[in-house]
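Here are a few exercises to work through with the model open beside you. Try each task before you read its solution.

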Amino acid sequence: MKIVIFTMSMERGGAERVIANLCNEYLVYQNKITVITCIKGKDAYPLNKSVKRFYLDQREEEKGQGKARRFLRRRNRLKKILDTLQADIMLNILPEPSFLALSLKEKYTFPMVVSVRSDPAMEYTFLPYRMLMLYFYPKAEGLILQTERAREYFPVNIRKKSVVIPNPIHRDAVRKSFEGKRKKEIVAVGRLIPEKNYLLLLQAYKKISKRFPDYKLVIYGSGPLKQKLSTLIKRWKLECSVQLAGQKDDVYDRIYQASLFVMSSDHEGMPNALMEAMALGLPVVATDCPCGGPAFLIKNGFNGILVKPKDAAGLASAMEMILSHPELARKLGRHAGEIAQSIAPEKIYRQWGMYLNKIAEGKNKYA
């Protein structure tokens, strides 16, 4: 089967990593794969040599042009590429690539599938995006979502052709839970962007730091809020106990022995960092944020603790509870590690493959 995968870029990110792993670990062995991206740039995740690669932007500066002009230029180039590929199915990931592809739907006979990778209530809060979604997505033959809460966002005519497939665990995060004395570190992993709400994490840590003076907070990730967070850390005199460690390729090794993992996000799809921390056997605390990814992963009090979003006192209380009760921490971490079985890569990628095959064969029956 000839599968075309279309997305914004293959730069670093959760969706991009899933694409690379899906291609390299499953699809490439049974299909001919082509990956098309809007943006021309360096791929953060290497693709199998057999995967064909195309870019719609011919030069780096083209991604900064006006939206309407850029959309039409990319649409024209996408059509030229698709005319040469004779695809059996096309998988479109993220809004703009999905709108572009579905605007060409009537020109091709092969089915198209859309994959939504984050909270749709945030993804389509911009009115033009929502209007485009309502117009274009009913034209797709299938829709892949990460959670049931995400599915509930869409109208019935879109929802009824959808399937829920969670993210797979990264293979490097599948290992035996750490046994022994853990480092006195509280860790977080993710880009330094507003929706991760590291301000909330800093507020919660500040509340417990005097009771747990030996515990450091280490945040792994890069992003536009680094300077703002650094300034806040200095203002609150936390320089000696809070570290913005940057983006690390060996992050699993670095957090493996930590005492606690915390996710303070306002919005998430299926949070890779959280599921990987759980697979490593870390006790975890996470905000029960839309669109239901943390709640899908965590059974509250059994394999982690869920707290209300934007609740600094609640987050601090949950962190304090785990750090104060070593036996609870061990129990949560032990059960957290079991998540690796239900979202094992081979299991999740098989679900993707089966769904795409079903769509390609015209078997996605809905009223």
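**Exercise 1.** Work out at what angle helix α13 (residues 312–324) and helix α14 (residues 326–336) pack, and which residues make the contact.

*Solution.* Step one: the two helices pack at an angle of about 105°, and their axes are 5 Å apart. Axes here are lines fitted to C-alpha atoms, for helices over the stretch in contact, and angles run from 0 to 180 degrees between N-to-C directions. Step two: α13 and α14 are therefore roughly perpendicular to each other, a label for angles of 65 to 115 degrees. Step three: α13 brings M321, I322 and S324 to the contact, while α14 brings P326, L328, A329 and L332; contact means heavy atoms within 4.5 Å. Step four: sorted by class, that gives 6 nonpolar, 1 polar and no charged residues. Nonpolar covers Ala, Val, Leu, Ile, Met, Phe, Trp, Tyr, Cys and Pro; Asp, Glu, Lys and Arg are charged, and the others, Gly among them, are polar.

A word on the ground rules: this is a predicted model, where local features need pLDDT of at least 70 and side-chain atom pairs count only at pLDDT 80 or more, while totals for chains, interfaces and linings use all residues. Residues are numbered from 1 along each chain as its sequence is written, and side-chain values use heavy atoms, with hydrogens and water left out.

**Exercise 2.** Which strands are the edges of the open sheet of 6 strands?

*Solution.* Start with the order, β10-β9-β8-β11-β12-β13, with parallel pairing. The edges are β10 (242–246) and β13 (305–307), each pairing on one side only. For β10, the 4 bridges come from β9 (residues 216–220), and V218 is partnered with Q243.

**Exercise 3.** Is helix α3 (residues 95–102) enclosed or open, and what covers its buried residues?

*Solution.* Count first: 8 of the 8 residues are buried, so α3 is largely enclosed by the rest of the structure. Then look at the cover, which includes β1, α2 (67–85), β4 (89–93), β5 (112–115), α4 (120–123) and α5 (127–136).

**Exercise 4.** Find whether N197 and K237 are buried or exposed.

*Solution.* N197, in the loop between β8 (183–189) and α8 (198–208), has phi near 50° and is buried at 14% relative accessible area. K237, in the loop between α9 (226–235) and β10, has phi of about 55° and counts as exposed at 68%.

Note on methods: Parallel < 35°, antiparallel > 145°, perpendicular 65-115°, else oblique. Pairing = 2+ DSSP bridges. Buried < 20%, exposed > 50% of the residue type's maximum accessible area, 1.4 Å probe, protein only.
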